[in-house]
Amino acid sequence: ILLVYDVTNSASFANLNDWYTVVCQTFEGKKKKPTIALVANKVDLEHLRAVKEERHERFAQKNGFLSFFVSAKTGDQVYSCFQRIAAETLGIRLSKNDLQKEKSVLKADVVQYKESAPSGPAQPQTTKSSMCIIQ
């Protein structure tokens, strides 16, 4: 289970207690508890940060969560986050080399085609850029 919040929005962090309560109620009485990870998103917006790393770490440690800081926009640490969560869930121990690997993030232009009359070819129109990971 991923508990994800926006580091630029303290209310999203405050809501984690409610979400964690729902998780606890859902798995109450179960023999095996799920792997739970606390994921701080939008770390690329450090200048807008509203939730300090220390607060994140205290909450994760208090509740026994895995802890991650990622940027969905840039792709920073996203692969590593999911790799570690999958390994933890499956009981696989990752080597130091595995933990240090990060997939290359490439910048790619997003192309949108204007609709045109059937007689002519579609003309590409470059808009904002996006990120993708090559595996």
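**Exercise 1. Decide whether glutamine 77 is buried, partly exposed or exposed, and state where it lies and what its phi is.**

Step 1. Glutamine 77 has a relative accessibility of 31% and therefore counts as partly exposed, where buried means under 20% relative accessible area, exposed means over 50%, and partly exposed is in between (1.4 Å probe, protein chains only).

Step 2. Its place is in the loop between β3 (66–69) and α4 (78–90); helices (H or I, at least four residues) and strands (E, at least two) are DSSP runs, numbered from the N terminus.

Step 3. The phi of glutamine 77 is near 70°, a positive value in a residue other than glycine. As background, most residues other than glycine have a negative phi.

The structure is a predicted model, in which local features need pLDDT of at least 70 and side-chain atom pairs count only at pLDDT 80 or more, while totals for chains, interfaces and linings use all residues. Residues are numbered from 1 along each chain as its sequence is written, and side-chain values use heavy atoms, with hydrogens and water left out.

**Exercise 2. Find what lysine 42 does with its backbone and with its side chain.**

Step 1. Begin with the backbone: lysine 42 has a phi near 70°, which is positive although the residue is not glycine, and lysine 42 is found in the loop between β2 and α3.

Step 2. Turn to the side chain, which forms a salt bridge with aspartate 6, the closest N and O atoms being 3.1 Å apart; a salt bridge is a side-chain nitrogen of Lys or Arg within 4 Å of a carboxyl oxygen of Asp or Glu.

Step 3. Glutamate 46 is partly exposed, with 44% relative accessibility.

**Exercise 3. Work out which residues of helices α2 and α3 are buried and which elements they meet.**

Step 1. In helix α2 (residues 16–26), the buried residues are Leu16, Tyr20 and Val23. They cover an arc of only 55° around the axis, so they sit on the same side of α2; the arc is that of the directions from the helix axis to the C-beta atoms.

Step 2. On the other side of α2, Asp18 and Gln25 are exposed.

Step 3. The buried residues of α2 pack against β1 (2–6), α1 (10–14), β2 (37–41) and α3 (53–63), where contact means heavy atoms within 4.5 Å.

Step 4. In α3 the buried residues are His56, Phe59 and Ala60. Their arc around the axis is only 95°, which puts them on the same side of α3, while Arg58, Gln61 and Lys62 are exposed on the other side.

Step 5. The cover over the buried residues of α3 includes β1, α1, α2, β2 and β3. Just after α3, glycine 64 takes a positive phi of about 75°.

**Exercise 4. Describe the aromatic pairs and the cluster that they build.**

Step 1. A search of the whole structure finds four aromatic pairs. Rings of Phe, Tyr and Trp (its six-membered ring) pair if their centres lie within 6.5 Å, and planes under 30 degrees apart count as stacked, over 60 as edge-to-face and the rest as tilted.

Step 2. One of the pairs joins tyrosine 5 to phenylalanine 13, edge-to-face, at 4.9 Å centre to centre and with 75° between the planes; both residues are buried.

Step 3. Another pair is that of phenylalanine 59 and phenylalanine 65, whose ring centres are 5.7 Å apart and whose planes stand at 70°, so this pair is edge-to-face. Phenylalanine 59 is buried, with a relative accessible area of 8%, and phenylalanine 65 also counts as buried at 8%.

Step 4. Taken together, ring pairs link Tyr5, Phe13, Tyr20, Phe59 and Phe65 into a cluster.
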